[in-house]
Amino acid sequence: MGKARLLLVDDDFETLDCLKEELEARYHVTLASTGDAALSAIEHEPFDAIVLDLRMPGTDGFDVLAQLAKGPEHPPVILASAMPGLDRVAAP
């Protein structure tokens, strides 16, 4: 069985690089620095989980969640954000 496929989405390149470095030994990691890039990646390949920043310019994490909710199914999403009140945000 191959490595699980993770999509990491964040507009902070340092965060993406750090996460990739920590996770790539155990997972196949794909990076996206925008919500649009994340949606494109999701359209073109399957993922076992998504780590998603909520606050990004343009198409943000909330927009990505809304698009995922329109589909018949989607992988688990881990919300990763420094946004205050994140503990009260519920994913669709």
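Which residues form a negative surface patch? They are Asp 11, Asp 12, Glu 14, Asp 17, Glu 21, Glu 22 and Glu 24. The model is predicted.

**The patch and Glu 14**

Glu 14 is one of the patch residues. Helix H1, spanning residues 13-23, contains Glu 14. Its relative accessibility is 65%, so Glu 14 counts as exposed.

**The salt bridge**

How many salt bridges does the structure hold? There is one. Arg 5 and Glu 45 form it through their side chains, with 2.0 Å from N to O. The two partners are 40 residues apart and link distant parts of the chain. Arg 5 sits in strand S1 (residues 4-9), whereas Glu 45 belongs to the loop between H2 and S3. Side chains of opposite charge can pair when their charged atoms come close.

**Asp 48**

Asp 48 is found in the loop between helix H2 (35-44) and strand S3 (49-52). Which residues does Asp 48 contact, leaving aside neighbours within four places in sequence? They are Ala 4, Arg 5, Pro 75 and Pro 76. Arg 5, a contact of Asp 48, is also the salt-bridge partner of Glu 45. Pro 76 lies 28 residues from Asp 48 along the chain, yet their C-alpha atoms are separated by 7.2 Å.

**Accessibility**

| Residue | Relative accessibility | Class |
|---|---|---|
| Glu 14 | 65% | exposed |
| Asp 48 | 44% | partly exposed |
| Arg 5 | 23% | partly exposed |
| Glu 45 | 23% | partly exposed |

How values were computed
Residues are numbered from 1 along each chain as its sequence is written. This is a predicted model: local features need pLDDT of at least 70, side-chain atom pairs count only at pLDDT 80 or more; totals for chains, interfaces and linings use all residues. Side-chain values use heavy atoms; hydrogens and water are left out. Patches are made of residues with over 30% relative accessible area and no salt bridge: like charges are joined within 9 Å, nonpolar side chains (Val, Leu, Ile, Met, Phe, Trp, Tyr) within 5 Å. Accessible areas come from the Shrake-Rupley method with a 1.4 Å probe; for residues, only the protein chains shown count as cover. A salt bridge is a side-chain nitrogen of Lys or Arg within 4 Å of a carboxyl oxygen of Asp or Glu. Lys and Arg count as positive and Asp and Glu as negative; His and the chain ends are not counted. The place of a charge is taken as NZ of Lys, CZ of Arg, CG of Asp or CD of Glu. Helices (H or I, at least four residues) and strands (E, at least two) are DSSP runs, numbered from the N terminus. Buried means under 20% relative accessible area, exposed over 50%, partly exposed in between (1.4 Å probe, protein chains only). Contact means heavy atoms within 4.5 Å.
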